[in-house]
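Biologist: Please show me the model, and then let us go through it by question and answer.

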Amino acid sequence: PGSSAPDSRPGERAPAVPLCEGGSAMTQGGAAADDDVRGEDEARDEDAERRRDEDEPTAKRQRPKLRGFEFFRSIGSPKTVCAPMVDQSELAFRMLTRRYGCELAYTPMMHSRNFAENAKYRKQNFTTCPEDRPLVVQFCGDNPETMAKAAKYVETQCDAVDINLGCPQGIARKGHYGAYLLEEGELITSIVRRMDAEVAVPVTCKIRLLKVGTENLQETLNLCYGLEAAGCSVLTLHGRTKEMKGQHTGPTNWEAVKIVKSRLNIPVFLNGGIETFEDVERCLAETGVDGVMSSEALLETPSLFSGRHVSQDQLTAEYLELAKIYDAPKSAVKAHVFRFLYAGLQTNIDLRAQLGAAKTLEEIGLAAAAVRERRSAERAARGGVEDPERPDAGWYRRYRNPLGDLAGTAVTRAARKAAATAAPVASEASAPAEGQAEAPSGDGGTDVGDA
């Protein structure tokens, strides 16, 4: 078991030849006049086809498709990875994490059916830029044909496409995707096989443990063997089951991930239980995995992978600048700022209410600046000494070590609910999914699925 996936597979189609750039072909001296007309007609046809292709699956790349460790080495053997987080690992946030040591980033999860059928959905949910590499685009779904069709739209704009098999939220159960497909081995291997055969870039998978405990690992191992044989090039394993989420998250089983890594012949990333840069280093040393993926800790502290301390106020200011450059959705911006400034907002509930009421990027920026000024004044009053009762960060540990006045939190929640009744705030309407908090609230949101 665990044999490496072959470099070619039955039924794999040869890459399509992309349309050439440029205008009509020049006629040679003495060519008939009708050749000129034919050349102009062909040029017009090519131009029309290029315009049609702007909203159709792009042609495959003309280069051999790398898989497994060959692919992993081709993108620089990344060890620090930004997780796919619905509405949160958008372009501006990815660029901030790359600034601080992130070597590979995933897009937010996108629904394959919507992406394959709706041009507006594609435009709203997928954005990238030349500096946003290496990049993995994640899709969810349960139909092999639809998953492949969706992935083909991005195959020339990313380095790999990922299948979400790890989302533990109720919305995934209702939609029949994510971790609720883990026990349907034949279905998910058929999805991998179809995508690997038809998409020009490698296919990766993100899964969870099927059962708790290292002694119950065989089902997870069997699934991993099947995914590898079907064409999965990189496997990310979250060391928790789908039942372990929110306030019932529990510890990550690094030992189980270590065993899976030792049995496979493709790169394995570990997800879960990463809070500090020291955790990253310890995880790599203890498990032997090829990379470490973070979501919750990175959401609060995008500088995590740098090993440097950067204040939450500074990270917020940098993110807001990137949000302007890359036109980040306002709902995503507000959610990020709530997490970046969680600790400060828990002790400055008036500013928390100000941020909650903000409707524009400028208003969000004003609320963030007010938090920064107030905390700076508080530090100055203490002679520059940090107050252990007022830490710089705290959202990652919000369940274990809640900050602030819980009574005050209840009051602001009631006020926010009343305000929302009169003028709903869009950022408080999204449903939770893998690697994403629910709509940001005064206490910084709820669970993120992948801690």
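**Contacts and burial**

Modeller: Thr80 touches Gly101, Cys102, Glu103, Leu104, Val280, Val292 and Phe305, leaving aside residues up to four places away in sequence. A contact here means heavy atoms within 4.5 Å. This is a predicted model, in which local features need pLDDT of at least 70 and side-chain atom pairs count only at pLDDT 80 or more, while totals for chains, interfaces and linings use all residues. Residues are numbered from 1 along each chain as its sequence is written, and side-chain values use heavy atoms, with hydrogens and water left out.

Biologist: Is Thr80 buried or exposed?

Modeller: Buried means under 20% relative accessible area, exposed over 50%, and partly exposed in between, with a 1.4 Å probe and protein chains only. Thr80 has 7% relative accessibility, so Thr80 counts as buried.

Biologist: Which backbone oxygen does the side chain of Thr80 reach?

Modeller: Thr80 lies in strand β1, residues 80-82. Strands (E, at least two residues) and helices (H or I, at least four) are DSSP runs, numbered from the N terminus. At 2.7 Å, the side chain of Thr80 reaches the backbone oxygen of Gly101.

Biologist: How many disulfides does a search of the whole structure find?

Modeller: A disulfide is a covalent bond between the sulfur atoms of two cysteines. The search looks for a pair of cysteine sulfur atoms within 2.5 Å. Over the whole structure, the number of disulfides found is zero.

Biologist: Which cysteine has the sulfur nearest to that of Cys82?

Modeller: Cys82 is buried because its relative accessibility is 0%. Cys82 is in no disulfide. At 5.2 Å away, the nearest cysteine sulfur is that of Cys102.

Biologist: How many of the nine residues of helix α6 are buried?

Modeller: Helix α6 spans residues 144-152 and is mostly covered. Its buried residues include Pro144, Met147 and Lys152. They pack against α4 (112-117), β4 (135-140), β5 (160-165) and α8 (185-198). The number of buried residues in α6 is seven.

Biologist: What share of the residues of the protein chain count as buried?

Modeller: The protein chain has 18 helices and nine strands. Of its 451 residues, the share that count as buried is 53%.

Definitions and conventions:
A polar contact is a pair of N or O atoms within 3.5 Å; within protein, one must be able to donate a hydrogen and the other to accept it, and residues adjacent in sequence count only if both atoms are side-chain atoms.
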